[in-house]
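Have the viewer open and follow along.

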Amino acid sequence: MSFENSRATSQRSHLCGALRADDAGTPVTLGGWVHRSRNLGGIVFLDLRDVAGIVQLSFGTAWASADAIAAAAAVGVESVIIVQGTVVERTAETKNPEMGTGAIEVRAISLRVVGPAVTPAIPVARGKGEKLAAEELRLRHRYLDLRRAELQESLMLRHRLAQVTRQYLSARGFLELETPILTKPTPEGARDYLVPSRVHAGEFYALPQSPQIYKQLFMIAGFDRYFQIARCFRDEDLRADRQPEFTQIDIEASFVGEEDILAVGQGLISALWREGGHEIPSAFERMTYAAAMEGYGCDRPDLRYGLHIADYTQAFRELDFGITTSVIAGGGRVRGIVVPGGAVWSRKQVDELEALAKSAGAGGLLRVKRVDGKYDGPIAKFLTPEAEQAIGLAEGALALFVAADDWISSPALDRVRQECAQRLALVKENDRQFVIVTDFPMFERDAVTGTLAAVHHPFTAPNAADMAAHPDEPHRWRALAYDIVLNGLELGGGSIRTSDPAVQSRMFSLLGIGDTADQERRFGFLLEGLRAGAPPHGGIAFGLDRIAMLLSGATSLRDVIAFPKTTTARALFEGAPSAVPANDLRDLHIRVTGAE
């Protein structure tokens, strides 16, 4: 982020990190944190840091008083000081090309400590090569970690991305409208965070998992185009790319179809990536959900490399091999990937791949390789010449198969495919492959209970042609839903919504909310709105945290969120969550039981 020398206040004239050679000869008053100090006897050097960067101060007997030099020698690291002095250009041999201010220094004549600091609990690293304290310790002392340049730059980038979002959508007629934080509990696929009501004993609000129903109500109310940079909350297990509270760019519009929303979404992503310093295609590749699952084993495919999953069922159909014979007879398939050059991998290395497949639910990983023109490996003796020809291995290649139903083989082969790509160094980190995945199934069936669940959420509109062709087979319906994916990561997703109250009621019934009274109790305010007349509408939501993470080059969402939670959902810097006094709980009509 660029800084101008325009943040003058009553206590400073310039920003430390914004000074340059053109400022030589300028008297300045600076304020900041002491980053480092060096006492060379006759002269004391301090590195002074502020939001714009670091500048070197020098206190020498030729220009500074003895009191000023003594104060500079005594000041502690991370203390906040205000200094006065003059910018001077460094000599050629003392210039530091690694620093933005490396061509100059400030010859200081006075120093005043305005924020004395104790020895910091963790060092404040400034350069990218500097060693960091353990993450848990940094999260505990987040106010110190936030002084780190990388984190400050990431949060500044996040600010710019939010502003670009506002500018892009406002220019296209979208209104930034707020929705409630204290909401009605509704099922959206994850657990709600519940907030007890003090004035209504035994009743609870929920923190919103998304503004979904409210933005639909805006469309019903006639606002036509809405957006919000919305805070959302989900009580779910955490990972490096998940937080219990997160921010999404939420968009909704009326009288639109899928292509209208996707055009807005692609344009916004292009604008955000441009702000991050990258030009990307204005139109993204398209792929159906069925094609993604068939060729990549997941609905967020990474297109930066091949290793496509293929169907080898016909090659195994006539073989005298019990594992594949029983799976095929039961309606399953044999699917796999061919890894060029994988024949050189040791048995231990392939066993590690099998462990990955098993961790994703597969019973095992069948393997065969071609060496010196011959097929070799555990299943080679079962292969007929026709099967070998159907598999079609090139010299030095390794084939890995999973024999199972698709819901087992797809995630297993997805894991194996990703690991093989890493081993073969096929992943080009600077390659950006965007893809829009469409035609998601409306429902998925629980493998144990057989009940239906919404793949996206219960407010998504089903494909009308599918409903007409298969009125009594909802598991065959596709949804008017879409995701935008980058390099195997979902950036955002959305759908066209159900605007017919009768269809919406049927969706609830198929999801097990069949009783009319139950529907009214849980979703009455949405159904009432739809009955009042709803335009065709739809939208999309993008994860701002994830986009900021990708554009900043961070490896975790915690590096682009100012005050994040740990993977155990704790805020270490403030000690949350924490116990609440019994009197406060009594006011909320709550009694805690079973707590250790």
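## A helix on the inside

Start with helix α5 (residues 212-220): eight of its nine residues are buried, so the helix is largely enclosed by the rest of the structure. Buried here means under 20% relative accessible area, exposed means over 50%, and partly exposed is anything in between (1.4 Å probe, protein chains only). Helices (H or I, at least four residues) and strands (E, at least two) are DSSP runs, numbered from the N terminus. The buried set in α5 is Gln212, Ile213, Tyr214, Lys215, Gln216, Phe218, Met219 and Ile220.

What covers those residues? The cover includes β9 (225-233), β10, α15 (516-531) and β22 (537-543). Just after α5 comes Gly222, with a positive phi of about 95 degrees.

## Where the model comes from

This is a predicted model, in which local features need pLDDT of at least 70 and side-chain atom pairs count only at pLDDT 80 or more, while totals for chains, interfaces and linings use all residues. Residues are numbered from 1 along each chain as its sequence is written, and side-chain values use heavy atoms, with hydrogens and water left out.

## The whole protein

Zooming out, you'll find 17 helices and 22 strands, with the C-alpha atoms filling a box of roughly 95 × 75 × 55 Å along the principal axes. Of the 596 residues, 47% are buried. Take the contacts (heavy atoms within 4.5 Å) with a separation of 6 or more: 66% of them join residues 24 or more positions apart.

On the charge side, there are 65 positive and 75 negative side chains, and the centres of the two sets lie 4 Å apart. Lys and Arg count as positive, Asp and Glu as negative, with His and the chain ends not counted; each charge is placed at NZ of Lys, CZ of Arg, CG of Asp or CD of Glu.

## Two nonpolar cores

A nonpolar core is a set of buried Ala, Val, Leu, Ile, Met, Phe, Trp, Tyr and Cys residues joined through side-chain atoms within 4.5 Å. The largest one has 41 residues, and those with the most contacts inside it are Ile251, Ile269, Trp273, Leu491, Phe542 and Ile547. Helix α6 (residues 258-275) is the top contributor to this core, giving eight residues.

Setting aside neighbours within four places in sequence, its contacts are His278, Ile280, Arg432, Phe434, Leu486, Leu491, Ile547, Leu550 and Leu551. There's also a second, separate core of 23 residues, with Cys16, Val34, Leu57 and Val75 among them.

## An open sheet

Five strands make an open sheet in the order β12-β13-β16-β14-β15, with antiparallel pairing. Two strands pair if DSSP finds at least two bridges between them. The edges are β12 (310-311) and β15 (374-376); each has a single partner strand, so one side of each is left without a neighbour in the sheet. Two antiparallel bridges link β12 to β13 (residues 333-339), and Ala310 has Gly336 of β13 as its bridge partner.

Two non-glycine residues have positive phi: Glu78 at about 75 degrees and Phe255 near 55 degrees. Glu78 sits in the loop between α1 (66-74) and β4 (80-89) and is buried at 3% relative accessibility. Phe255, in the loop between β10 (245-254) and α6, is exposed, with a relative accessible area of 62%.

Finally, the peptide bond from Ala576 to Pro577 is cis, with omega near 0 degrees. Look for Pro577 in the loop between α16 (544-552) and α17 (582-587).
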